[in-house]
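Trainee: I would like to learn how to read the architecture of a protein model. Please take me through it feature by feature.

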Amino acid sequence: MAKRKTKFVCQECGYETPKWMGKCPGCNQWNTLVEEMTAAPANSRHVFQTSSTSATTKPEKITQIKSQKEPRMPTDMPEFNRVLGGGIVAGSLVLIGGDPGIGKSTLLLQVSAQIAKKDFPVLYISGEESSRQTKLRAERLDITSDELYVLSETNLQDVINQIENIEPRFVVIDSIQTIFKEDVTSAPGSVSQVRECTSHLMRIAKSKGIPIFIVGHVTKEGSIAGPRLLEHMVDAVLYFEGERHHTFRILRSVKNRFGSTHEMGIFEMKEKGLEEVLNPSEIFLEERSQGAAGSIVVASMEGTRPVLVEIQALISPTAYGNPRRMATGLDNSRVPLLMAVLEKRAGLLLQNQDAYVKVAGGVKLDEPAIDLAVAISIASSFRDQSSNGDDVVVGEVGLTGEIRRVARIEQRVQEAAKLGFKRVIIPKKNMDGWTPPSQIEVIGVSTVQEAMKVTLGDS
């Protein structure tokens, strides 16, 4: 009889230890070790597993390997195709995560219906909802297709059997935390179950050439729940984000073996499901008030796409001993850093001022190129002096007050010109080597003081 052993597995990183510890040595998280039972196979020390294809697989010279373009299956959503790098790659394993209720199941059900309309069999496996519940969502989305199969199952072996019977061209697993393998003794959603189930699904995807999308739960910090190994096993990791009080949803890729990372697709949640936002810059700027102090437009890059968004700042005298520094949509530590640069290099007395900075529209920006726009919005609000409504600002700010060059300046300027802006303020180092559009004035600046003089005038 197989001897049962006990081990403790971290639910965050997958670290294993024979004894319980309060703090995981792998990820330094507290109270994440959970006891699991493992059955050791008989004569395990003499067992050595080998691949069934090891006898026929031989190393090849890289110069003799034939390269071919990965075949893709495009959907009817250009935004979805953009994030994946041009469409769904056959045999790919894609992980998509997001907050509960954000629209992951809705998005994948719409994609499944679009593929099924092309007479490709699609298998949608739901471990969280019954088939009737999935049918209710399909009726709300006006989805009717004889090639779309729905299965409510959590047993991995039954899922594999149905994949072999139906032979679908596209599979959705919603969600991986509900699927379990019978010979793994831990509970569904544990590190061992998630790792084993994902490994089996990966072999099916690669061997049969079936693209499989798996939905993953997220933790309270916003990362995919389960071991970090899960993100390393899949071909692409997508995050579906959005503010609860906004209808806009952002599909962002953080890993993609078949396309660009940090690509972004924007959708709007409506009664009939998710609809694409083909020109997000217009949407984010349509409610912008002209002539308001503390407002400026920045051209940010999301993957290969330039997006124009509004940066808003509110500076007011503090009523407490320690001024407050708050930011929404950008790194919270960036605000006091830029305020220190403005105080030291531009002479603005900000040490007794509360600062509130926001990216309008619920977008999250994390690139250094937005530094100059944040600094200008803070200075504009502090002086209570509005900037020119036709200006766009781009640039990274250094601690000595210099404006550093940014990447993809041509795409940023072209997006600003397309939306009718008259001037764009960029780093002077970015002025050489390209020809700006004729309908927009491009001004190069070297320091924060120069940028403030151009956008806000002398003061």
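**Cores, sheets and helices**

Mentor: The largest nonpolar core comprises 45 residues, and those with the most contacts inside it are Ile311, Leu372 and Ile378. A nonpolar core is a set of buried Ala, Val, Leu, Ile, Met, Phe, Trp, Tyr and Cys residues joined through side-chain atoms within 4.5 Å. Buried denotes under 20% relative accessible area, exposed over 50%, and partly exposed in between (1.4 Å probe, protein chains only). The model is predicted: local features need pLDDT of at least 70, side-chain atom pairs count only at pLDDT 80 or more, and totals for chains, interfaces and linings use all residues. Residues are numbered from 1 along each chain as its sequence is written, and side-chain values use heavy atoms, with hydrogens and water left out.

Trainee: Which helix gives the most to this core?

Mentor: Helices (H or I, at least four residues) and strands (E, at least two) are DSSP runs, numbered from the N terminus. Helix H9 (residues 371-383) gives the most, with seven residues. The core also draws at least three residues from each of domain 2 (70-277) and domain 3 (280-454); domain bounds come from an automatic or database domain assignment. Apart from this core lies another, of 32 residues, including Phe80 and Leu148.

Trainee: With which residues is leucine 372 in contact?

Mentor: Contact means heavy atoms within 4.5 Å. Leaving aside neighbours within four places in sequence, leucine 372 touches Val393, Val394, Gly395, Val397, Ile403, Ile425, Val445 and Ala451.

Trainee: How should I read the order of strands in a sheet?

Mentor: Two strands pair if DSSP finds at least two bridges between them.

Trainee: Which strands form the edges of the nine-strand sheet?

Mentor: That open sheet has the order S8-S7-S9-S10-S6-S11-S12-S13-S14, again with mixed pairing. Strand S8 (148-152) and strand S14 (273-276) are its edge strands, each pairing on one side only. Four bridges join strand S13 (residues 264-270) to S14 in the antiparallel sense, and methionine 269 has leucine 274 as its bridge partner in S14.

Trainee: Why is S10 described as largely enclosed?

Mentor: Five of the five residues of S10 are buried, so the strand is largely enclosed by the rest of the structure. Ile212, Ile214 and Gly216 point one way, whereas Phe213 and Val215 point the other way. S10 runs parallel to S6, with five bridges, and parallel to S9, with four bridges. Isoleucine 96 stands opposite valine 215, and valine 172 stands opposite phenylalanine 213.

Trainee: Is helix H2 enclosed or exposed, and how far does the helix reach?

Mentor: The expected span of a helix is 1.5 Å times one less than its number of residues. Helix H2 (residues 104-116) has 13 residues and reaches 18 Å from its first C-alpha to its last, close to the expected 18 Å. Since 13 of the 13 residues of H2 are buried, this helix is largely enclosed by the rest of the structure.
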